[in-house]
Amino acid sequence: MAESNYGSRDKRGHYRPHKRVGYPPIFIWPLQPRAALKWVFAVPGYLVPWNVFYICVGVLSWFLLSPPLEAYAKISFQTFFLVFLKNSALVALYFGAFHYRLYTLRSQDTDFKFNPRWPAAKSKQFLFNDQNLDNIFLTFFSGVTIWSGFELGLLWFPANGYVSVLSVKENWIYFIVMLLLIHLWRDLHFYLVHRLIHFEPLYSLAHRIHHKNINPGPWSGLAMHPIEHIFYFSCAVLYLFFPFHPAFIIVTLVHAGLSPAPGHVGFDRIKLGKGESFDPDSYAHYLHHKYFECNYADGILPLDRWFGTFHDGSDEAQTRLKDRLKEKNLKNRFTR
Ligand SMILES: [Zn+2]
Ligand SMILES: [Zn+2]
């Protein structure tokens, strides 16, 4: 399977897919209910593979790997340690699998890699002068810590009886629908929070740390400043205000904690062997890391299209972005 069937490289060796970033036929006018329904059940589509995968991991994490709800009633170091260990194991396995195959084994070399260079191993930009070490450090010491903090803090309410837990048996349709909608809520929350942290002073204070990864790898996904992690994982708070089950919190946090790995993988396609490959859906967000001021959303809501910040990877989109930046710079000069 040749890379040239799917895209081309420019003079500097940067890979650009022939495909354009697009949106599913769901939030469009006039409505296309048949196409939308087809997309929900298509492979790949809304449910399979990513959404169902994160739901399954989250549900397993709650029912098999987490301490019992009573343990969350008191904020103890022991419970925190167990929760941190559980979430760290998920991250190490998932992020590690992408990294090990593509960056340690270099199983497909730079085939389909957007940026021809490997992550910086000697750069003063990064902690320890090493992009991977910087990314891994921020992922565990800030990312998984704050993720686990949200898990403990939010489950403290039902554990102490301030929020009642519904029975899955009696409300199984509601339970499943809520789990399936988490992806949609995460998309909206990510966009809102991401737009917010692109404004000063939050950008210089926090989000700039994530944007040091112009050439991202899987570990760049959760490599953020603690302030950004607090905004990022706050998506789970919403579920305290609905008829409640702890799995809603865990699945939302697992979705937020794991989905950045394929999203930052740095490759347009991942080879599986025997001429097969799959698209990890990382192109739109790669363009955000490359050009900063486009594709703030990452997923299925066409928010960038509605607000004029969409970049589909084409030359026309690039020209539009340049014009927009020129206008912005001019405005800044006059308002300063
Ligand atoms: Zn990113
Ligand atoms: Zn950003």
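Modeller: Helix α3 (residues 77-104) and helix α4 (residues 131-159) have axes that come within 9 Å and cross at roughly 130°. Keep in mind that this is a predicted model, where local features need pLDDT of at least 70, side-chain atom pairs count only at pLDDT 80 or more, and totals for chains, interfaces and linings use all residues. Residues are numbered from 1 along each chain as its sequence is written, and chains are lettered from A and ligands numbered from 1 in the order in which they are written.

Colleague: What counts as an axis and a helix here?

Modeller: Axes are lines fitted to C-alpha atoms, for helices over the stretch in contact, with angles running from 0 to 180 degrees between N-to-C directions. Helices are DSSP runs (H or I, at least four residues), numbered from the N terminus.

Colleague: Which residues of α3 make the contact, and which of α4?

Modeller: On α3 they include Phe80, Val83, Phe84 and Val91, and on α4 they include Phe140, Val144, Trp147 and Leu152. Contact means that the C-beta atoms, placed from the backbone, lie within 7 Å.

Colleague: And how do the residues of that contact divide between nonpolar, polar and charged?

Modeller: Nine are nonpolar, six polar and one charged. Ala, Val, Leu, Ile, Met, Phe, Trp, Tyr, Cys and Pro count as nonpolar, Asp, Glu, Lys and Arg as charged, and the others, Gly among them, as polar.

Colleague: OK, α2 and α8 next. At roughly what angle do their axes cross?

Modeller: Roughly 130°, and the axes come within 8 Å. That makes α2 and α8 oblique to each other; under 35 degrees would be roughly parallel, over 145 roughly antiparallel and 65 to 115 roughly perpendicular, with the rest oblique.

Colleague: What's the class make-up of the contact of α2 with α8?

Modeller: It has 11 nonpolar, three polar and no charged residues.

Colleague: Switching topic: how many residues has the largest nonpolar core?

Modeller: 62 residues, and Phe233, Ala236, Ile249, Val251 and Leu253 have the most contacts inside it. Such a core is a set of buried Ala, Val, Leu, Ile, Met, Phe, Trp, Tyr and Cys residues joined through C-beta atoms within 7 Å.

Colleague: Which helix supplies the largest share of this core?

Modeller: α4, with 10 residues. As for Ile249, leaving aside neighbours within four places in sequence, Ile249 is in contact with Glu151, Leu154, Leu155, Ala236 and Tyr239.

Colleague: Now the loops. Where is Ala73, and what does Ala73 touch?

Modeller: Ala73 sits in the loop between α2 and α3. Not counting residues up to four places away in sequence, Ala73 touches Trp156, Ala159 and Asn160. Ala73 and Trp156 are 83 residues apart in sequence, yet 5.1 Å apart in space, C-alpha to C-alpha.

Colleague: Which peptide bonds are cis?

Modeller: Val43 to Pro44 is cis with omega near -5°, and a cis bond with omega about 5° joins Val48 and Pro49. Pro44 is in the loop between α1 and α2, and Pro49 lies in the loop between α1 and α2 too.

Colleague: What about phi of Asp109, and is Asp109 buried or exposed?

Modeller: Asp109 has a positive phi of about 50° although it is not a glycine. Asp109 counts as exposed because it has 8 C-beta neighbours inside 10 Å; 12 or fewer is exposed, 20 or more is buried, and in between is partly exposed, with C-beta atoms placed from the backbone.

Technical notes
Helix = DSSP H or I, 4+ residues; strand = E, 2+ residues; numbered from the N terminus. Contact = placed C-beta atoms within 7 Å.
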